[in-house]
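Dear colleague,

My notes follow directly after it.

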Amino acid sequence: MTDRLSALDASFLYLQDRTTPMHVGSVLVFEPAEGFSYEGLVSLVSNRIAFVPRYRQRVRQLPGRILPPVWVTDDNFDVTYHVRRSALPRPGTSEQLEEFVARVQSRQLDLSRPLWELYLVDGLQDGRFAIVTKTHVSLVDGINAIDIGQILVDRDVEAEPSAPVGTARGGGDLDMFVASALDFARRPVRVLDVARSGLAGVTTEAVKVAGRGASVAGYVAGNIVRSAARPAPSSPLNQEVGAHRRFAMVSTDLADYQQIRRVAGERGEPVSVNDVVLATVTGALRGWLLARGAVVSTGQTVRALVPLSVLSETARDGDTVTQQSQREHIGEEVMPTFVDLPVGEARPMMRLHQIAFAMQQQLDAGHPVGARSLSGIAGFAPPTLHSLGARLGSAMSRRMFNLVITNVPGPQRALSAAGASLVASYPVIPLVKGQALAIGLTSYNGRVDFGLNADRDAMVDIELLGQCIVDALDELLDE
């Protein structure tokens, strides 16, 4: 039986173009390690992807696109094509690494090869090095494949090989067409999925990604309808997107967010660390708008799509959520929450209160996975969860929100790859048409690291927004 792309995955291939490549990435920064080399990295990647067959497969388009593409084994797979080496002029600064990431992430992946790339970047300050990854969102579904960044540092991934994916090999177009047609004849309901994939926004498929459980899926459908009825407010963030990018990395301390949460709790306002993060981003956007000379009126908002990992009823056993159920449902349960960030509110703690109330209204309808449980899914879950969030953001209609913010809690212990300690992890979330900014952030080992991916022409002041994040966090701490 052929291994076809789902209607949603196929839509990511059809909808991408020169200005909106559909790949997600990460910037992993490591401390220097004796004996770490490019050859060792190639060996590590080769060993790890042996347990994730999707990384040796490419997409095969069928004639006329009447039937969805299929995954086929790349008989000419060359790991050294995908694992590349680069270097910054020593001592490489953060700004130089950001520029390297922006240029690499602007380029589309080669659709005739497996849809991922990885760059070893030497020459950083203090002897550090970085690994920059690119993975197409159609590849990472959390079930058949997890993100390449997670594979590198997941110490459990070699425990046992995954079940082989049924994948076609070789054959001409006619053979592949006939095989796929026979599969459709056996399961004709799949024809409807292909037809739905052509709908603007792929909303039906987004509901399917968001939740298999009836309660979650019902909530998601209602939330989408309500958001569609109220288009996102106009914002400088929404402009025509070009082919080139800017990227900025911002590091903050997790303890600061936890302190703000405690202070709010002492005042009788229950908030989560995620609420504090969103309030910080809100304050940063407000500061950025004011610095640009924009008029920011009372009551003005910016609507964010914040993908949230949840468990459906079928994944729960009373109040107990097992690691096994988390791993089985990680690829299925990503719920869209739409949050109107109150950039028009001048008081930092009032912004936090409004966001906490809005988030709680939405969380009451689902079963969110707690930060501690989420950070333990399959070892180092953030890269994969950011990919799933990017999939959801790309599938939803851009008229519903102004930007995507993915916030994924990671493990609060040091991880390593081939003996090199991981220092920081910055997500790179793809832009969708008409949106000049996407924000990803990961908490890891006492840090909260932001990756700001932006259109090069529309966001010439991306570094200013990065500084505004730091200033907005300080503003909350001073309250």
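This is a predicted model: local features need pLDDT of at least 70, side-chain atom pairs count only at pLDDT 80 or more; totals for chains, interfaces and linings use all residues.

The structure holds 15 salt bridges. One of them joins the side chains of Glu31 and Arg128, with an N to O distance of 3.1 Å. This pair connects distant parts of the chain, 97 residues apart: Glu31 sits in the loop between strand S1 (23-30) and helix H2 (38-49), and Arg128 in the loop between strand S5 (116-124) and strand S6 (129-136). Glu31 is partly exposed, at 29% relative accessibility, and Arg128 is also partly exposed, at 27%.

A salt bridge also links Arg84 and Glu117, whose closest N and O atoms are 3.3 Å apart. Here strand S4 (residues 83-92) supplies Arg84 and strand S5 supplies Glu117, 33 residues away. Arg84 is partly exposed at 21% relative accessibility, whereas Glu117 is buried at 5%. Through shared partners, salt bridges join Arg84, Glu117 and Lys134 into one network.

In a further salt bridge, Arg347 pairs with Glu345 at 2.9 Å between the closest N and O atoms; Glu345 counts as buried, with 13% relative accessibility.

Turning to the helices, the axes of H10 (residues 254-266) and H11 (residues 273-291) come within 9 Å and cross at roughly 105°. The two helices are therefore roughly perpendicular to each other. Leu254, Tyr257, Gln258, Ile260 and Arg261 of H10 make the contact with Val273, Val276, Val277 and Thr280 of H11. By class, this contact has 6 nonpolar, 2 polar and 1 charged residues.

With kind regards

Note on methods. Residues are numbered from 1 along each chain as its sequence is written. Side-chain values use heavy atoms; hydrogens and water are left out. Axes are lines fitted to C-alpha atoms, for helices over the stretch in contact, and angles run from 0 to 180 degrees between N-to-C directions. Helices (H or I, at least four residues) and strands (E, at least two) are DSSP runs, numbered from the N terminus. Angles under 35 degrees count as roughly parallel, over 145 as roughly antiparallel, 65 to 115 as roughly perpendicular and the rest as oblique. Contact means heavy atoms within 4.5 Å. Ala, Val, Leu, Ile, Met, Phe, Trp, Tyr, Cys and Pro count as nonpolar, Asp, Glu, Lys and Arg as charged, and the others, Gly among them, as polar. A salt bridge is a side-chain nitrogen of Lys or Arg within 4 Å of a carboxyl oxygen of Asp or Glu. Buried means under 20% relative accessible area, exposed over 50%, partly exposed in between (1.4 Å probe, protein chains only).
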